[in-house]
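Here is a short walk through one protein model. Keep the sequence and the 3D view side by side as you read.

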Amino acid sequence: MSFSLQQLKYFTEIARIGSINQAADALYITQPSLSKSMKDLEETVGSTLFKRTSKGISLTQDGTEFLGYARQVLEQSDLLESRWLNKQPSRRLCAISTQHYAFAVNAFVNMVKKTQSSEYEYTLREARTYEIIEDVKALRSELGVLYKNNYNGQVIDKILRENRLVFHPLFVAKPHVFVSSTNPLAQLEFVTLEDLEEYPRLSYEQGEHNSFYFSEEILSTIYAKKDIKVGDRATIFNLMIGLNGYTISTGIVSSDLNGDNIISIPLAVEDRIEIGWISQKSALLSLQAQLYLDELKTVVAPYDVELRDEV
């Protein structure tokens, strides 16, 4: 026995939506027909691919691994059909979760521009650290972009292991502060922690999962006399301009997206920021997700960062 491309399409749609009933509606078939097709698929591969509960459906460990291969087969089939049967490429699907990085948005923009399809459905979530991990764990996103350093690394790695996720290093950056171009600090070649004491520290709030280990900024445990939490990048940049605030990040700031009002200045501390992407341990990425990672490396390469080989 073997399985069909149609079954693979059904399987990936259920995995994307997380519900057999909703997937059946999206596929314009009946729920009993879809359920039978998936049971036949599981019998063919000799493994349980779905966990079925009263709350819905999710992938087993084998199902997660199978999804990666199914995506690859469907993508290759799509390429064959578009090249030799003159069919339009299928609707492209890709979801990515990331901490609040302008370079992650730049890479996403470049990826979309290079999409070889007349139809696509992409999702870019700028999310809290815990939410990124949950998104990738539940396959709401194929990959997530976040940082580690000496302080949070062991905790993040432990959480990833417990959720069968893997961290893939992308690059290492020296810490910088982002400030308004009109901030008095903008005239300095570098700043120290003492230089920052009288300015508002801006950071991204993490909701109920507000452990320092989930913070998106290094040195978050250091006391700041003026401390402001925000929820999005637009707000943090507005507060840099309106209140002369600062935030600590990678030093990669995009004038294309943020204009020339925000600049980065090296921060004189003995620390490093390791940016990487997380994925399911046994999952294979789609071609679109791989293209996104290629664009990430291209976007950050001109900056003073240490690129890592693993992608």
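This is a predicted model: local features need pLDDT of at least 70, side-chain atom pairs count only at pLDDT 80 or more; totals for chains, interfaces and linings use all residues.

Residues are numbered from 1 along each chain as its sequence is written, and side-chain values use heavy atoms, without hydrogens and water.

Start with the open sheet. Its six strands run in the order β4-β3-β5-β12-β6-β13, with mixed pairing. Strands are DSSP runs of E, at least two residues; helices are runs of H or I, at least four; both are numbered from the N terminus. Two strands pair if DSSP finds at least two bridges between them. β4 (120-126) and β13 (305-307) are the edges; each has a single partner strand, so one side of each lacks a neighbour in the sheet. From one strand to the next, the twist averages 25 degrees. (Axes are lines fitted to C-alpha atoms, for helices over the stretch in contact; angles run from 0 to 180 degrees between N-to-C directions.)

Look inside the sheet. β3 (residues 92-98) pairs with β5 (residues 143-148) in the parallel sense, over three bridges. Thr-98 has Val-145 in β5 as its bridge partner.

α11 lies across β3, β4, β5, β6 (165-173), β12 (273-280) and β13. Its angle to β5 is about 35 degrees. Contact here means heavy atoms within 4.5 Å.
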